[in-house]
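Here is a short briefing to read with the structure open beside you. Take a moment to look the fold over, and then we can walk through it together.

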Amino acid sequence: MPTQASPLPEYRLADHVRACLVDGVVVLLDLERGRYIGVGGPLVCALSRAVGGWPARPSTGLPSAPDSEVERRVDDLRRQGLLASAATPASANATCMLPDASVYDASASISSALQWRRIANLARSSFIASGWLKHRSLATITQTVASMRPLRHRDDDRLPAEALRDAARWYLRTRPLVMSSRDECLHDSLTLLRFLAAEQLHPQWVIGVRMRPFAAHSWVQAGTLVLNDMHEHVRGFTPILVV
């Protein structure tokens, strides 16, 4: 007898939700509310039966949750606004796995002349990033960051390497003038993105997560090059959002 095809999933992740699989746990990022939700145990793979695009696929040899438990969890996620009907078209998003990262020498020599245009740009970028984080959701910030990149560059990861390194070095050397060491990674990354955009440079903004213990981290990356962090640090995080 022919094998009966599995029914198509009834739901998909909502447009404001991103997901990744980390150490056997599916982590959901709700951009509207700025929160993370973890799904573990037998539901990790079982939810793929009901949710299209679920990051964990069924695997032989692993326990699977019964249909009744899957239905209860799906209803819970739907009530939280994390799922949408699979029949509705999904908006495109840039969540993806980044290639292995590398770093550059941020201490390389730069011009000693004060660059007042860049100082003004840095102060303005830091101020705007602070306003975003106080008054906007991550969903709105994501849309804003995506719109900063000119259309002709949105599918082109090639950036002028020397100009990028020069601007990033200057930023790292000068940011203590307007930012304290306590500024969080989100503020630092959004400030750097704004600063570089003023110089017509448009790298990617990344949010990654890790487990045991759970932590989220943000950084800026151009291709394989991490601009405001160390490779040894960011490689411990799995990207959940890439813009």
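Three strands make up an open sheet in the order 2-3-4, and their pairing is antiparallel. Please keep in mind that this is a predicted model.

- Strand 2 (17-22) and strand 4 (35-39) are the edge strands, each pairing on one side only.
- On average, neighbouring strands of this sheet are turned by 25° against each other, with direction ignored.

**Strand 2 with strand 3**

- Six bridges pair strand 2 with strand 3 (residues 25-30) in the antiparallel sense.

**Strand 3 with strand 4**

- Strand 3 and strand 4 run antiparallel and are joined by five bridges.
- Valine 26 has valine 39 in strand 4 as its bridge partner.
- These two strands, strand 3 and strand 4, also form a hairpin, this one with four residues between them. In its turn, glycine 34 has a positive phi of about 65°.

**How enclosed is strand 3?**

- Strand 3 is largely enclosed by the rest of the structure, because six of its six residues are buried.
- Both of its faces are covered. On one side of strand 3 you will find Val25, Val27 and Leu29, and on the other Val26, Leu28 and Asp30, all of them buried.

**Arginine 12**

- Arginine 12 has its place in strand 1 (residues 11-13).
- Is arginine 12 buried or exposed? Its relative accessibility is 11%, so arginine 12 counts as buried.
- Leucine 83 lies 71 residues away from arginine 12 along the chain, yet their C-alpha atoms are separated by 5.6 Å.
- Leaving aside residues up to four places away in sequence, arginine 12 touches Val51, Gly52, Leu82, Leu83, Ala84, Ser85, Ala86, Thr88, Pro89 and Ala90.

**Helix 5 against helix 6**

- Helix 5 (residues 161-174) and helix 6 (residues 185-197) have axes that come within 11 Å and cross at roughly 135°.
- Because of that angle, helix 5 is oblique to helix 6.
- The crossing in which helix 5 passes helix 6 is right-handed.
- From helix 5, Leu164, Ala167, Ala168, Trp170 and Tyr171 meet Asp188, Thr191, Leu192, Phe195 and Leu196 in helix 6.
- Sorted by class, the residues of this contact of helix 5 with helix 6 are eight nonpolar, one polar and one charged.

**Helix 3 against helix 5**

- The axes of helix 3 (residues 116-135) and helix 5 also come within 11 Å, and they cross at roughly 70°.
- That angle is why helix 3 is roughly perpendicular to helix 5.
- Here too the crossing is right-handed, as helix 3 passes helix 5.
- Helix 3 brings Arg118, Ile119 and Leu122 to the contact, while helix 5 brings Asp166, Ala167, Trp170, Tyr171 and Thr174.
- Five nonpolar, one polar and two charged residues make up the contact of helix 3 with helix 5.

Definitions and conventions
Residues are numbered from 1 along each chain as its sequence is written. This is a predicted model: local features need pLDDT of at least 70, side-chain atom pairs count only at pLDDT 80 or more; totals for chains, interfaces and linings use all residues. Side-chain values use heavy atoms; hydrogens and water are left out. Two strands pair if DSSP finds at least two bridges between them. Axes are lines fitted to C-alpha atoms, for helices over the stretch in contact, and angles run from 0 to 180 degrees between N-to-C directions. Angles under 35 degrees count as roughly parallel, over 145 as roughly antiparallel, 65 to 115 as roughly perpendicular and the rest as oblique. A crossing is left-handed if the near helix is turned anticlockwise from the far one by less than a right angle, and right-handed if clockwise. Contact means heavy atoms within 4.5 Å. Ala, Val, Leu, Ile, Met, Phe, Trp, Tyr, Cys and Pro count as nonpolar, Asp, Glu, Lys and Arg as charged, and the others, Gly among them, as polar. Buried means under 20% relative accessible area, exposed over 50%, partly exposed in between (1.4 Å probe, protein chains only).
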